[in-house]
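Thank you for making time for this at the group meeting.

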Amino acid sequence: MTPLRLAWANLVHKRTRTFIAGAGVAFAVVLVFMELGLLGGVGRTATMLYDKLQFDLLVTSSEYLDVSRTDAFPRARLAQARAAEGVDDVLPVLFNVATWRAPAREGLFGNPIPAGELMSINVIGVPPDQIDRVFVTGKDGVFASTEEARAAREKLTPRDTFLMDRRSKPEFGDATKLQQIPLDGKGDEIVRVNGQRARIVGAFELGTGFSWNAMLMTSEETYSRVTMRPLGTVNFGLVRLKPGADPLVVRERLRAVLPPDVTVHTRTEINAQERRYWLRLTSIGQFLLVAVVLAVVVGVIFVYQMMAADIRNMLPEYATVKALGYRPPYLTGVVLWQAVLLALFGFVPGFVAALGLYRVATDYGGIPTGMTIESALGVLVLTCGMCLASGLLAVRKVHTADPADLF
Amino acid sequence: MSSDDRNTPSPQPPPPRGEGEKTSGADVAGRSGGTQSDAVGLAPLSEEGVVGGTLGSPSRTAKGVGGLGSSPHLPPPGQPVLRVGGVNHYFGTGDTRTQVLFDNTLEVMPGELVIMSGPSGSGKTTLLTLIGGLRTLQEGEIEVWDAGRGDYRKLRDVSEDELVNVRRLIGFIFQRHNLFDSLTAMQNIRMAQRLKENDVGDYDQNARELLTYLLLGEKDLTSKSQKSKFYNKPAALSGGQRQRVAIARALVNRPKLVLADEPTAALDANSGLAVVTLLQELARPRPGADLQKLVRSAEEAGENGRLAEWQLPLLKKVASEHGTTSLIVTHDARIMNLADRIVHMERGRIESNVVVAERLFVRAGLRQSPAFAAILPEEQEKIADQVLIGVHPDEPVRPDQLAANPGRVRVFEAGAVVMREGDPVNAESEFYLIRRGTVEVFRAVDGLPEKLTELGPGRYFGEVALLMDRPRNATVRAATRVEVYAVNRATFDKFRSVSRPFIDRVLANFRPDGGPRG
């Protein structure tokens, strides 16, 4: 009877107890997955926009804090950058927040909510003729194909036209339905951005996160008009390098030639900066990190309680095993195998539940959660570690089993 | 010793004249002449256990522990399987430190069935746990024979790892079965089997046979088929069935030492008998006829239980190895009646350590003597207990055992004079019961030693001089190496006074005037 077989027999024998323990582990697993999912969502939020923009180097204001507080810099910096050796082109991107007049909709419980509620929406302005060069196209791109990007260019050429992110939160309205509303509205149905007339002419795919709940795309002119920002300033400069140019070298070159009101980042740098900001400097990142630790601690305590109670009940049996002549490592092995099996029993349903909750969080919460092999394996290892930690705490009790008490 | 006849000293042991053994002390005594030899017993040899002038050694001849021989699994002949020496034990520390065992010494020979008795709290369980390596030995020595190593394992000042090695030598039977609820009967037994290293054989078959013998297989006592309990978990077994599985678990590795706490408490008569018979058979082989007697009808068996015919060959198979020693704490009379040794503890001390065969041997020997025959059995027992040394009469006494029990047994090499005719009796004079060996009895006739008889185990001599308070009337010399139990003068006189009326009548036979002496 190997320790693994005995551990298995113990768990299978006490099915109800094992089910409860497994459920406890599963609960901890779900908690960890959710916290990690949300944390991942924060990370994805941080880089979501940059992942969908095409650039080798990114020019931002030197006052840039994070993607939601970019500050603007003179458009002239783009021309200066464009002149630098190794730079192929620099494209402007405008990015700001506007108000959105929400359409009529139904509440969570089917209750009607009238149109007119004002919401915060992000607006990104790009030169329509460069739209396929600004955004990533294709699978997982902002546009499914170059053709769709080119069609979007046509759609955004007229004034006051916008494309809407299909993955905007539902309360902002359905992009397809909103396209049916003419510029001047139709009855109660009307589209207003910053209180100005607007028309949704198409859609794109970007996604929401902790920074924004919905996104509009428009031309630079419309952007300027709607946000009342001068066209002489931009928020990002997307630097495309000539083939063979070293991004680090060009970055240094740009930093040398550009005035100090702007700074230049490589993609890695801006992504790292965003993640650091969101995960380390914002309260939400810290909260979620603490929540992950708490979930693990809760899991350890729960599993420990279950295992300790189980061991307490079985102390005479363990004492008998000692009396038979088994050495302490055997009993340690039994308890630790039991812990690992519990981890597996709990992980599988926890994983499945987390997949469902991720879907809910993504679809209904607009939080870009996603299961990855790395996170699944990571949580599996963490769960095993959590249960093993509980087992190691509980195993002390096994060693208190005194065979002398059997007589 | 003083001379029985101061005028006819006999300084040298007289050479034998070649006469045959006198068959009875009474014959020698000569009812008319008052010349009863001091060396020869008075009682007829028809007393219980006395055959042909010697006492049998009832349990040993029947059970044949000596027949275990020098198995490689057993200690050298005459050596115990378990030695306990000067064991003290304390519970608690500091101010609460309390001594619970006091200088306990015990030796248990291979194949003995030892009953530990005593009131609750007397320390028997603590001693058992120390022997089993379940507690750390604090003071004293315990040694357990390791058949695999061919040496003793000491339990003093050893690591936990070494204690575990000792535990593996022992089969533990607990009153509470303590089976793993999650494992079947077979799996519970496999838990123990797994520890038997380098073993060959069919583990499952071994466990099945043991369980079948213990009536958990596919046959019941009446040979009817039944659903076996091999794959039942404890929850699906009765208390008695669980206990039998626990017993099988303890015995499956054929340990040479079994420590058991009320092993038959939860068992019905038939199961209890099966267990007890198994323990006996593991101790030493029993004649088939003895076992056959246990196959009987329910009416005949009564509360003593019975075995089925089919169990006998299985018993021989599962108990093919012998020499297993069992230390059992029990109040079950079925086991107590079969004990080879009864160790009684009181207040942390071994108050008595009685080898049953030795006690029977001594009592039967004493009963031959008129000096003791008349006193109550309890009084006889008291005398017997004062000379017992805790060694089976078939086993020679070792010097250390003599030293541990001073004055109880004396050893004479062949040719040595045990007592001499004419030696006066005094406070140091003794009465003797032959334990082992043969003595020759001589009396001077016309100045020449005449051999009166030879006496063997179970015969006594030396009481006449003590009774009559006169010198020894014969010379007794060891024909072989002789071990004799010695009852000292003080003890003799003490019990003599108890049986005074009878002794007076006896004395009348020895006095010319026939009247009692004051």
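This is a predicted model: local features need pLDDT of at least 70, side-chain atom pairs count only at pLDDT 80 or more; totals for chains, interfaces and linings use all residues.

Strand β15 (residues 430–436) of chain B is joined by six bridges to strand β20 (residues 482–488) of chain B, and the two run antiparallel. I call two strands paired if DSSP finds at least two bridges between them. As an example of one position in this pair, I434(B) stands opposite V484(B) in β20(B).

Residues are numbered from 1 along each chain as its sequence is written, chains are lettered from A and ligands numbered from 1 in the order in which they are written, and side-chain values use heavy atoms, with hydrogens and water left out.

Which strands stand at the edges of the sheet in chain B? The sheet is an open one of four strands, in the order β13-β20-β15-β18, with antiparallel pairing. Its edges are β13 (409–412) and β18 (460–461) of chain B, each of which has a single partner strand, so one side of each is left without a neighbour in the sheet.

I247(B) lies in helix α7 (residues 239–251) of chain B, and with a relative accessible area of 0% it is buried, where buried means under 20% relative accessible area, exposed over 50% and partly exposed in between, using a 1.4 Å probe and protein chains only. Setting aside neighbours within four places in sequence, I247(B) is in contact with I173(B), L214(B), P263(B), L267(B) and V275(B), contact meaning heavy atoms within 4.5 Å. T126(B), in helix α3 (residues 124–131) of chain B, also counts as buried, at 10% relative accessibility, and among the residues that T126(B) touches are H89(B), F91(B) and R135(B).

Chain A has 13 helices and 14 strands. Its radius of gyration, taken over C-alpha atoms, is 28 Å, well over the 22 Å that the globule rule gives for 407 residues, so chain A is more spread out than a compact globule; that rule is 2.2 Å times the number of residues to the power 0.38. The C-alpha atoms of chain A fill a box of roughly 95 × 55 × 35 Å along the principal axes, and 53% of the 407 residues count as buried.

I will end with a strand pair in chain A. Strand β14 (residues 262–266) of chain A is mostly covered, with four of its five residues buried. Five bridges join β14(A) to strand β1 (residues 57–61) of chain A, and the two run antiparallel, with L57(A) standing opposite T266(A) in β14(A).
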